[in-house]
Each structure stands twice: as C-alpha cells, then as structure tokens.
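Student: I have a new structure to read. Can we go through the labels and see what each one rests on?

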Amino acid sequence: MIKRLKPGKRLSMATVHGGLVYLAGQVPDDLSVGVEAQAAEVLAKIDALLGEAGTDKSSILSATVWLPNIADFAAFNTVWDEWVPAGASPARTCVEARLANPSIRVEIAAIAAIP
C-alpha cells in the first residue's frame, strides 16, 4: 500500500511505502531570512513530515541538500549539526544548484526508515 502525505497537483510532500518514507524537497516559507533561519525552518518541516509518517530524524537514511551558494555550506552545517542526533548521521549529499526561486537559500529531500 502507498500512503501519500499532503498530496498536491504536482507532488506529495511525502510518500510512504515498504517501511520507508520519501520526502519531497522541502523549502522554507520565509524567504526574507538568511540561510541559518531557512535551514531551521526546513528541518522543522522535515521533523513534522517524519512524525506524520510515524518516524523521526534518527531514522533518516539519506538526505540531499541543495544550496544555491556553496559559500553558505559552513553556515548551513551549524544548523544541521545541532539538528542531527548524535550517532544518527545519515548518508548526505550537498551540492550547489540554482533553485526554483532565487530567494530560497536551501532545499532538503530525505529518505527515512519507519521502525
């Protein structure tokens, strides 16, 4: 069975199947703030979606991070490092890429296990 969380016309915010939850790329709503605040907002969205799927950040298997400016890498990591539980770091990719809106400073997608 496939369960879709927050389905929309083009995408669902998350899809649950086979003991895994696949999160769509999450972006911040508040585009007036810097990368740290945007990262914190995106990570809070991820926490909420994972909770709705029946899991949490300690079960993230992999994450992909897109930054439109790789100069934000260190600032992003200060927020990420505080958020990731000790001993539960997922496999992670972080790349520089142009995003759909130039005011978005970070986008994150993830795959997590559902215990």
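Student: Why is W80 called buried?

Tutor: First, note that this is a predicted model. The relative accessible area of W80 is 6%. Buried means under 20%, so W80 qualifies.

Student: What makes F76 buried or exposed?

Tutor: Its relative accessible area is 0%. The cut-off for buried is under 20%, so F76 is buried.

Student: How many aromatic pairs does a search of the whole structure find?

Tutor: It finds 2. One joins F76 and W80, with ring centres 6.0 Å apart and planes at 35°.

Student: Why is the pair of F76 and W80 called tilted?

Tutor: Start with the distance. Rings pair if their centres lie within 6.5 Å, and these lie 6.0 Å apart. Now the angle. Under 30 degrees would be stacked and over 60 edge-to-face. The planes are at 35°, so the pair is tilted.

Student: How are F76 and W80 placed along helix α2?

Tutor: They are 4 residues apart in α2, which covers residues 73-83. That separates them by about one helical turn.

Student: What makes W80 and W83 a pair, and of which kind?

Tutor: Their ring centres are 5.4 Å apart, and the limit is 6.5 Å. Their planes are at 50°, which falls between 30 and 60 degrees. So this pair is tilted. W80 and W83 are 3 residues apart in α2, again about one helical turn. W83 is buried, as W80 is.

Student: What do F76, W80 and W83 form?

Tutor: One aromatic cluster.

Student: How do you know that the charged end of R92 sits over the ring of W80?

Tutor: The charged end is 5.1 Å from the ring centre. The distance limit is 6 Å, and the direction must also be within 35 degrees of the ring normal. R92 is listed as sitting over the ring.

Student: Why are the buried residues of α1 said to line one face?

Tutor: Among them are V42, I46 and L50. Seen down the axis, the buried residues of α1 fall within an arc of 130°, so they line one face of the helix.

Student: What covers the buried residues of α1?

Tutor: The cover includes β1, β4, α2 and β6.

Notes
Residues numbered from 1 in each chain as written. Predicted model: local features only at pLDDT ≥ 70, side-chain atom pairs only at ≥ 80, totals over all residues. Heavy atoms only, no water. Helix = DSSP H or I, 4+ residues; strand = E, 2+ residues; numbered from the N terminus. Buried < 20%, exposed > 50% of the residue type's maximum accessible area, 1.4 Å probe, protein only. Arc of directions from axis to C-beta. Contact = heavy atoms within 4.5 Å.
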